[in-house]
Amino acid sequence: MNKIYTTQFGEANFPHLNKPDTQFNSQGIYQVKLLVKAVDAEGDINIINQIIDNEVSIQQNKRIDKKDSLLKAPLPFKSIEDGRIQFQFKSKFKPKLFDHNLDILDDNKFIWGGSIIRVNYKPASYYVPKTGVGCTLRFVSVQVKHLIEGNSALQGFEPIETNNFFAETSSFL
C-alpha cells in the first residue's frame, strides 16, 4: 500500500532521526518510538489492523490446501504503563525533517527524546512463515512541534569558576 498516513503529535522516544542506529545493523536504521495518547492513536491502530487483516486474507487464499492457522507477527505498537500507545517507525532511509513552520530542519539540530513530533508513514504488510503476518511502519518525514536537543558530551556539566582550583581541591588529591 503506497498511501501516506500522518500520526497525531506525540513524544519521541529513543529517536534515531538525524543519524542511523547501527547497534544491530551495520548499515544503520533510522527509527523512533512515538508515544501517543490512546485516544489519538485509534485511527493509526485501525489502519494497521486493516492492513494485517488484508494480508491474512491474501495469505489464506494462497494456502487453500493448508488447514493450519497463520501466525501473527508482533504488532508495531503497544500500550505502555501510562496508558499511551507506543508506535515503532523505521526505515533504511533518512526521513525528511521539518520544523513547526514546515521549514526543513537544520542539519545541526538533533532531535532528542522528549521532542514533540508527528510522523508521515507508509504501512507495509509482510508474511514470513516462522514469524507470521505483520505490518511495519516506514516513516517518510517527521514534523517537529517542540524540539528537545542537546549534546551528550556536555550532559551533566555546567560552566564553573576556575579561580583557585588547585588550592580548593588539593585536599582531594
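**Salt bridges in the predicted model**

1. The side chains of Arg 84 and Glu 11 form a salt bridge with an N to O distance of 2.9 Å, the term meaning a side-chain nitrogen of Lys or Arg within 4 Å of a carboxyl oxygen of Asp or Glu. Arg 84 sits in the loop between strand E4 (77-79) and strand E5 (85-91) while Glu 11 belongs to strand E2 (residues 10-21), so the pair ties together parts that are 73 residues apart in sequence; helices (H or I, at least four residues) and strands (E, at least two) are DSSP runs, numbered from the N terminus.

2. This is a predicted model, in which local features need pLDDT of at least 70 and side-chain atom pairs count only at pLDDT 80 or more, whereas totals for chains, interfaces and linings use all residues. Residues are numbered from 1 along each chain as its sequence is written, and side-chain values use heavy atoms, with hydrogens and water left out.

3. Arg 84 is partly exposed at 22% relative accessible area, and Glu 11 is likewise partly exposed, at 27% (buried means under 20%, exposed over 50%, partly exposed in between, with a 1.4 Å probe and protein chains only).

4. Arg 84 also forms a salt bridge with Asp 82, where the closest N and O atoms are 2.7 Å apart, and Asp 82 is partly exposed with a relative accessible area of 47%.

5. The structure holds three salt bridges, one of which joins Lys 109 to Glu 149 with the closest N and O atoms 3.6 Å apart. Lys 109 is partly exposed at 32%, as is Glu 149 at 41%.

6. Through shared partners, salt bridges join Glu 11, Asp 82 and Arg 84 into one network.
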